[in-house]
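Please look at the links between side chains in the chain shown here. The questions after it take them in turn.

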Amino acid sequence: MIASRQILRVIIAASAVYAIYLPIALWTGSRYSAPIAPPGAVLQLSGCHKLVPDGFLYTCEAHMLRDLEDTIPTAQHSPVLVYENDRPLGRGLSPHHEIEKVGLGRYSHWKDMGILLSTSDNSDPNTNGRAYWAVLPPAMIAGETGSISYRIPRQ
């Protein structure tokens, strides 16, 4: 008799929790919208890793863009732009020490490290609720297939 009352209480409590959860889940689920990619976006950045505990520099893998990575600090030329949601971050091709110490949207695209970036407000890109995109200029995207043309225009 006591066991059956406890089971009944558990069933009633579970039903009450479900009755509260279901409308909330349906309401929040209907309000979700996927992040809108900026024009020319080829890769959404995720799983960024902080390199120095006290700095603002995060590294994000960008395997699709490896052929465009920079290797010489004094001759950076990667055409990759980094967007925070639908706005470009500032100061691309920044020196790594500036990204780490100053942050504020600086970034670069570096050999064997991927995209090195800091967010516009120096927050953690994994938890601040914003989407980050590696974007190529439209002139570098070939045709309707969306494949990447690595021909960098000569200046």
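**Side-chain links**

D121 is partly exposed, at 44% relative accessibility (buried means under 20% relative accessible area, exposed over 50%, partly exposed in between, with a 1.4 Å probe and protein chains only). This is a predicted model, in which local features need pLDDT of at least 70 and side-chain atom pairs count only at pLDDT 80 or more, while totals for chains, interfaces and linings use all residues. Residues are numbered from 1 along each chain as its sequence is written, and side-chain values use heavy atoms, with hydrogens and water left out.

Q: How many salt bridges does the count come to?
A: A salt bridge is a side-chain nitrogen of Lys or Arg within 4 Å of a carboxyl oxygen of Asp or Glu. By this rule the count comes to 4.

Q: Which residue meets D121 in a salt bridge?
A: The N to O distance of this salt bridge is 2.8 Å.

Q: How many residues apart are E84 and R130?
A: Helices (H or I, at least four residues) and strands (E, at least two) are DSSP runs, numbered from the N terminus. E84 is in strand 4 (residues 81-84), and R130 is in the loop between strand 7 (114-117) and strand 8 (132-135). The pair links distant parts of the chain, and the separation is 46 residues.

Q: Is E84 buried or exposed?
A: The relative accessibility of E84 is 10%. Buried means under 20%, so E84 counts as buried.

Q: Which residue meets E100 in a salt bridge?
A: The N to O distance here is 3.6 Å.

Q: Which residue does a disulfide join to C48?
A: A disulfide is a pair of cysteine sulfur atoms within 2.5 Å, and the count comes to 1. The S to S distance is 1.9 Å. C48 is in the loop between strand 1 (41-45) and strand 2 (49-50), and its partner is in strand 3 (residues 58-60). That partner is C60.

Q: What is the relative accessibility of C60?
A: C48 counts as buried at 7%. C60 also counts as buried, and its value is 0%.
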